[in-house]
Amino acid sequence: MKKFLQLLSLALIWLLILAKDVSFPQTNPEWINFTAVNYIQALVIEADYIWVGTNGGLIKLNMLTGEKINYNRSNSGLPNNNVLAISIDEQGNKWIGTGGGGLAKFDGINWTVYNASNSGLPDNWVWAISIDLQGNKWIGTLEGLAKFDGVNWTVYNTSNSGLPDNWVWAISIDLQGNKWIGTGGGLAKFDGVNWTIYNKSNSDLPDNDVRAISIDSQGNKWIGTLEGLAKFDGANWTVYNTSNSGLPDNNVLAISIDLQGNKWIGTWRGGLANFDGVNWTIYNTSNSGLSNNNVRVISIDLQGNKWIGTGGGLTKFDSGNWTVYNTGLPDNNVLAISIDAQGNKWVGTGGGLAMFDGVNWTVYNTTNSGLPDNDVRTISIDSQGNKWIGTGGGLAKFDGVNWIVYKTSNSGLPNNEVRAIAIDGQENKWVGTSGGGLAKFDGLNWRVYNTSNSGLPDNDVLAISIDFQGNKWIGTGGGLAKFDGVNWIVYNTSNSGLPGNVVLALVIDSQGNKWIGTWGAGLAKFDGANWTVYNTSNSGLPNNDVRTIAIDGQENMWIGTYDRGLAKFDGVNWRVYNTSNSGLPSNYVYAIAIDRQGNKWIGTDGGGLAVYCEGGVILDINEKEENPIPKKFSLYQNYPNPFNSSTIIEFELAENSDVKLELYDVLGRKLRTIISNELQAGRHQFRFDAADLPSGIYFYVLSTNKFIESKKMVLMK
């Protein structure tokens, strides 16, 4: 009987191993987007909060505590992440103008969207919003000016009114209720009946492209143009430019006036200027804490603090101190993603490197770190946790404190443009470059392989992967190469089933199959003998230009394409995610990484970073708390997986339990007991060392008296 029970127990464990994981419904959102907010384009203050319009969504920022709430297309009713204008009415409703999504009204709970197809809004690009004393909204668009009283729309354009140009950039309303309208064709004054136009030919306005208007306590209009700043008192004009004043740049984008009557002027390239009517004081990145010299918007709170939106983020100036607010992802062009053993996400962008721990962002760029270039193309993490970062300006090693940079001028790196990095079982770094071939670096010595000294088919090395036997598979601009350390085998369109010679992506699954993404020719699977090609004509692949591939714990393939979104392939069925049917922020998918919770971290071009998980995203922020008691038992996917020598296994216990964590091979034989102890309720993390095991597929099984679950791990040396 005892023998029977043991066999039954083993059979049950093996059934769990063979069965697919089951996902249970969760309340978490399935999509979360992180978008760069480098460009601050609108600011409005409401009590202790400032509402910040960015190119990556809307932020509600507590000015006292620094706490912020982000609103974007994936988590709210915001119709477009490019927020260009914000105004708040007497009821506290936020009116939000976007670049391409129209106008949104947000009452704190509900969103109402007005666009060119469902309302009288003349165009979906909303650049300016102003609200008069009667509560009418005056809305500047690229197709004219709109007045909205909450029910009716009235549109003014060049064909039905005195508006001089349909591109409306700025609106300000004086104490008499006159609307002062800045357009691409001059300045207009509208009293509700009559139009008065000021331009270069009939006034001293320095330029017809009017980008900013502010009105001081004496009723003077301060007008920002592309050719300087003008003051207009209703009769006389005074013009300030770089040749006759302290104005640092003639392209004036923003004007705000403080309680002392000082004018704070934001310029395109010259930073921030303060003008008290006599003296000019200039603040820029070289003499102050201003984050960027491109000043787009300025708002002043009741304490006199200046909130300055720039092309490099948000800055607060209290006349003594500067505070820069880190807004997260540094750039919306996400080119690489890697996840370390602690679950931190390392994100390479066109604007630097970012680390996200589930709560906080840390950004590294050429100005605040040893990063050699802000164009980060690839990231790989070694067994000691060092980050190896390939950029457009060299290779960097970062241990969390120190930076070591390798360039052609100080090392054997053959080209400074690094496109791919892979690390083998001996901790050698294999570095693919653009035009310089492949380099092997053992920490001391460099060896370079190129078309003149090896079987490498092309010197543009775009992807590298290492199989169970230690063979290097190298994707190039001239085909796929296999290198065993001595011999080269080249696969191309003329001698194999490879559908295209430009190989952009390369991964190896647990069976050793190579999955190869090509430029314009589709996806190929190669088992060492046979080729299977998937393209738009014979499968559900949405585009033949495959930029990235990742494999999840269930062996599903996640395939990022150029301009057609993300595809999931389970070996039989295809499912495509794009901007029209999901929370994917851009159809240009350049990077994918999968964490231990099964979240897909998706890097896009122009849309930033997206996180997707069927059933709900778990960002793992509970790690920041002191071991909270989980609501259920859980076993997580080990990370990294595949792994070399060591990996992290995590699990959660809903109560104090006798725990066994055991390792099995593919035949169901128990190899070792990793844990056999009574453990307290909470989250537990264990580093498993497999240095003495051969490469292959293994299963780890967690069992308590109330729970049993298994996961598959792949050891690649």
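These are legends for a set of close-up views of one predicted model.

The model is predicted, so local features are taken at pLDDT of at least 70 and side-chain atom pairs at pLDDT 80 or more, whereas totals for chains, interfaces and linings use all residues. Residues are numbered from 1 along each chain as its sequence is written, and side-chain values use heavy atoms, with hydrogens and water left out.

**View 1. Two stacked Phe/Trp pairs.** The structure holds 71 aromatic pairs. Phe 483 and Trp 488 make one that is stacked, with 4.1 Å from centre to centre and 15 degrees between the planes. To pair, rings of Phe, Tyr and Trp (its six-membered ring) need centres within 6.5 Å; planes under 30 degrees apart are stacked, over 60 edge-to-face, and the rest tilted. Phe 483 has 2% relative accessibility, so it counts as buried. For this label the relative accessible area must be under 20%, while exposed is over 50% and partly exposed is in between (1.4 Å probe, protein chains only). Phe 526 and Trp 531 are stacked too, at 4.1 Å centre to centre and 15 degrees between the planes. Phe 526 is buried, with a relative accessible area of 2%.

View 2. Elsewhere, Lys 60 has its charged end over the ring of Tyr 49, 4.4 Å from the centre. Arg 211 does the like with Trp 169, lying over the face at 4.1 Å from the ring centre. A charge sits over a ring if NZ of Lys or CZ of Arg is within 6 Å of the ring centre and within 35 degrees of the ring normal.

View 3. Strands here are DSSP runs (E, at least two residues), numbered from the N terminus; helices are H or I runs of at least four. β22 runs antiparallel to β23 (residues 263-267), and 5 bridges join them. Strands pair if DSSP finds at least two bridges between them. Ser 256 has Trp 264 in β23 as its bridge partner. There are 5 residues between the two strands of the hairpin, and Gly 261 in the turn has a positive phi of about 85 degrees.

**View 4. A four-stranded open sheet.** The order is β38-β39-β40-β41, with antiparallel pairing. β38 (418-423) and β41 (446-449) are the edge strands, each pairing on one side only. From one strand to the next, the twist averages 20 degrees; the axes are lines fitted to C-alpha atoms (for helices, over the stretch in contact), with angles from 0 to 180 degrees between N-to-C directions. Strand β40 (residues 438-441) meets β41 over 4 bridges, and Phe 441 has Trp 446 in β41 as its bridge partner.

**View 5. Details around β39.** Thr 433 lies in strand β39 (residues 429-433) and is buried, with a relative accessible area of 0%. Its side chain reaches the backbone nitrogen of Gly 436 at 3.1 Å. In the loop between β38 and β39 you'll find Glu 427. Its phi is near 70 degrees, a positive value in a residue other than glycine. At 17% relative accessibility, Glu 427 counts as buried.

View 6. The structure holds 21 salt bridges, each a side-chain nitrogen of Lys or Arg within 4 Å of a carboxyl oxygen of Asp or Glu. Asp 595 and Lys 345 meet in one of them (3.8 Å, N to O). Asp 595 lies in the loop between β54 (589-594) and β55 (600-604) and Lys 345 in strand β31 (residues 345-349), so the pair ties together parts that are 250 residues apart in sequence. Both residues are buried. Arg 683 and Glu 652 form another, with the closest N and O atoms 2.8 Å apart. Here strand β61 (residues 682-689) supplies Arg 683 and strand β58 (residues 646-653) supplies Glu 652, 31 residues apart. Arg 683 and Glu 652 are both buried as well.

**View 7. A salt-bridge network.** Asp 375, Arg 377, Glu 417 and Arg 419 are linked in a network of salt bridges.

How values were computed. A polar contact is a pair of N or O atoms within 3.5 Å; within protein, one must be able to donate a hydrogen and the other to accept it, and residues adjacent in sequence count only if both atoms are side-chain atoms.
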